[in-house]
Amino acid sequence: MKREDARAMARELMDHHGLRDWSLRFDRARRRAGACVHTRREIRLSGPLADLYDAETVRGVILHEIAHALVGASHHHDAIWQAKARQLGAPDSARLSAHLPSPQPSWVGICPVCGTQRELYSAPRRVTSCGVCSRTFDASRIFIWSYKGQPRQPGGQYARQLRSLTRLRHPNE
Ligand SMILES: [Zn+2]
Ligand SMILES: [Zn+2]
């Protein structure tokens with residue numbers, strides 16, 4: 001769902017449950033959908049996950065965090081929290097269910113020597129070589145990149161850097 005819609009929904013639910021003085025913040029977390037930061041009176045939603053989820057799922061995440069806010073930090077996911085979550089209509093499960101979509105890293109680099117994989121959510125900006133099988137930069141161990149499963153060389157600054165590295169290796173060309 002759209003972030004502005006998620007924000008509006010969160011605000012409405014938080015106000016409704018007496019959390020008017022709490023704020024909502026999006027963060028960049030990818031392994032959990034939401035968080036409740038009692039010391040800052042803040043409920044956080046993962047921006048990347050909110051983008052992927054439908055409204056019903058995001059609502060469940062928000063209610064889950066509101067339940068944490070209402071019962072206090074000490075309860076974690078205990079029976080008191082569970083009762084509150086159920087009362088609010090939040091899904092019972094403390095964790096995100098496994099079937100929810102999770103963002104896949106778009107860029108995958110493979111070391112041509114040892115096969116080590118490196119995953120990135122955005123294109124690499126610098127040319128790097130495998131640190132697993134060589135401690136120092138080694139042009140024969142430069143990662144070979146693919147984008148969403150298709151071989152692709154990153155462009156821009158990366159491409160320029162790669163060209164200059166290749167020139168250094170072949171000064172006569
Ligand atoms: Zn929780
Ligand atoms: Zn390697």
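I call a residue buried when its relative accessible area is under 20%, exposed when it is over 50%, and partly exposed in between, using a 1.4 Å probe and protein chains only.

**Ground rules**

I am working with a predicted model, where local features need pLDDT of at least 70, side-chain atom pairs count only at pLDDT 80 or more, and totals for chains, interfaces and linings use all residues. I number residues from 1 along each chain as its sequence is written, I letter chains from A and number ligands from 1 in the order in which they are written, and I take side-chain values from heavy atoms, with hydrogens and water left out.

**Confidence**

I looked up pLDDT, the predictor's confidence in each residue, from 0 to 100. The protein has a mean of 88. I note that 90% of its residues reach 70 or more. I take helices (H or I, at least four residues) and strands (E, at least two) as DSSP runs, numbered from the N terminus. Confidence is highest in helix 1 (residues 3–16), at a mean of 97. It is lowest in helix 5 (residues 156–169), at 85.

**Zinc site**

Next I checked the zinc ion (ligand 2). I count as donors the N, O and S atoms within 2.8 Å of the metal (3.2 Å for Na, K and Ca); water is not among the atoms, so sites may look incomplete. The SG atoms of Cys111, Cys114, Cys130 and Cys133 coordinate the zinc ion at 2.2 to 2.4 Å. Along the sequence I read the spacing of these donor residues as C-x2-C-x15-C-x2-C. Cysteine 114 sits in the loop between strand 4 (107–110) and strand 5 (117–120), and cysteine 133 in the loop between strand 5 and strand 6 (144–147), so this pair ties together parts 19 residues apart in sequence. I find cysteine 114 partly exposed, at 36% relative accessibility. Cysteine 133 is also partly exposed, at 27%.

**Helix 3**

I moved to helix 3 (residues 55–71), which has 17 residues. Twelve of the 17 are buried, among them Val58, Ile62, Leu63 and Val71. These buried residues pack against helix 1, strand 2 (34–37), strand 3 (42–46), helix 2 (47–52) and helix 4 (79–88). Glycine 72 follows the helix, and its phi is positive, near 100°.

I also looked at histidine 68, which is found in helix 3. Histidine 68 is buried, at 10% relative accessibility. I count a contact when heavy atoms lie within 4.5 Å. Leaving aside neighbours within four places in sequence, histidine 68 is in contact with Cys36, His38, His76, His77 and Trp81.

**Salt bridges**

I define a salt bridge as a side-chain nitrogen of Lys or Arg within 4 Å of a carboxyl oxygen of Asp or Glu. I find nine in the structure. Aspartate 21 pairs with arginine 41, with the closest N and O atoms 2.8 Å apart. Aspartate 21 lies in the loop between helix 1 and strand 1 (23–27), and arginine 41 in the loop between strand 2 and strand 3. Aspartate 21 is exposed, at 52%, whereas arginine 41 is partly exposed, at 40%.

Glutamate 42 forms a salt bridge with arginine 25 (3.6 Å, N to O). Glutamate 42 is in strand 3 and arginine 25 in strand 1, so the pair ties together parts 17 residues apart in sequence. Glutamate 42 also meets arginine 44 in a salt bridge (2.7 Å, N to O). I note that both arginine 44 and glutamate 42 are buried. Arg25, Arg40, Glu42 and Arg44 are linked in a network of salt bridges.

Definitions and conventions: Expected span 1.5 Å × (residues − 1).
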